[in-house]
Amino acid sequence: MRVIAKSSLQRFWERPGCADARGPLHSWYVEAVKATWRTPQDIKDHYASASICGNNRVVFNVGGNKYRLVVEIQYQAGIVWVKFVGTHAQYDRIDVETVNEY
């Protein structure tokens, strides 16, 4: 998959207090780039805790569920757009289907 944009993930882990997100977000990125997700089930097969949402959005639990990553996936094109990365408290204040923070 083509992930747009790794820089969004990096900006997040460089924030004060978020350095512990670097390892898990980088690992997710490496796995996503190597993946060939064609359907939401392909994601669930690898990430059982991922939440499949409307508007082609998927929510991943990151860092032992301390953080949440929201992406939009265009399966046929093989593109994953990072739409949000944040703490659980920040995640609770967004609309997963419309957020476009990055």
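Where does Glu 31 sit? Its place is in helix α2, and this is a predicted model, so to speak of the residue is to speak of what the prediction puts there.

- β1 goes with strand β5 (residues 79-87): three bridges join them, and the two run parallel.
- Within that pair, Ile 4 has Trp 81 of β5 as its bridge partner.
- As for cover, strand β3 (residues 57-62) has five of its six residues buried.
- A handy reminder for picking side chains: in a regular strand they alternate between the two faces of the sheet.

**The hairpins**

- The β2 and β3 hairpin has four residues between its strands, and Asn 55 takes a positive phi near 60° there.
- The β3 and β4 hairpin has four residues between the strands, and here Gly 63 takes the positive phi, near 65°.

**The helices on the sheet**

**Around Glu 31**

- Glu 31 counts as partly exposed, with 36% relative accessible area.
- Setting aside neighbours within four places in sequence, Glu 31 is in contact with His 46 and Tyr 47.
- With Tyr 47 there's also a side-chain polar contact, at 2.3 Å.
- Gln 76 is another matter: its C-alpha atom is separated from that of Glu 31 by 18 Å, with the two residues 45 apart along the chain.

**Ala 77 in its loop**

- Ala 77 is in the loop between β4 and β5.
- Ala 77 is exposed, at 56% relative accessible area.
- From the C-alpha atom of Ala 77 to that of His 46 is 20 Å, and the residues are 31 apart along the chain.

- Asp 20 and Lys 66 form a salt bridge, with 2.8 Å between the closest N and O atoms.
- This pair links distant parts of the chain, 46 residues apart: Asp 20 is in the loop between α1 and α2, while Lys 66 is in the loop between β3 and β4.
- Asp 20 is partly exposed, its relative accessible area being 40%.
- Lys 66 is partly exposed too, with a relative accessibility of 43%.

**Salt-bridge network in the strands**

- Arg 57, Glu 72 and Lys 83 are linked in a network of salt bridges.
- Glu 72 meets Arg 57 at 3.4 Å, N to O.
- Glu 72 is in strand β4 and Arg 57 in strand β3, so this pair ties together parts 15 residues apart in sequence.
- Glu 72 also forms a salt bridge with Lys 83, where the closest N and O atoms are 3.9 Å apart; the cut-off is 4 Å.
- Lys 83 belongs to strand β5, so its pairing with Glu 72 in β4 ties together parts eleven residues apart in sequence.
- Are Glu 72 and Lys 83 buried or exposed? Both are buried.
- For Glu 72 the relative accessible area is 15%, under the 20% limit for buried.
- Arg 57 is buried as well, with a relative accessible area of 4%.

Note on methods:
Residues are numbered from 1 along each chain as its sequence is written. This is a predicted model: local features need pLDDT of at least 70, side-chain atom pairs count only at pLDDT 80 or more; totals for chains, interfaces and linings use all residues. Side-chain values use heavy atoms; hydrogens and water are left out. Buried means under 20% relative accessible area, exposed over 50%, partly exposed in between (1.4 Å probe, protein chains only). Two strands pair if DSSP finds at least two bridges between them. Contact means heavy atoms within 4.5 Å. A polar contact is a pair of N or O atoms within 3.5 Å; within protein, one must be able to donate a hydrogen and the other to accept it, and residues adjacent in sequence count only if both atoms are side-chain atoms. A salt bridge is a side-chain nitrogen of Lys or Arg within 4 Å of a carboxyl oxygen of Asp or Glu.
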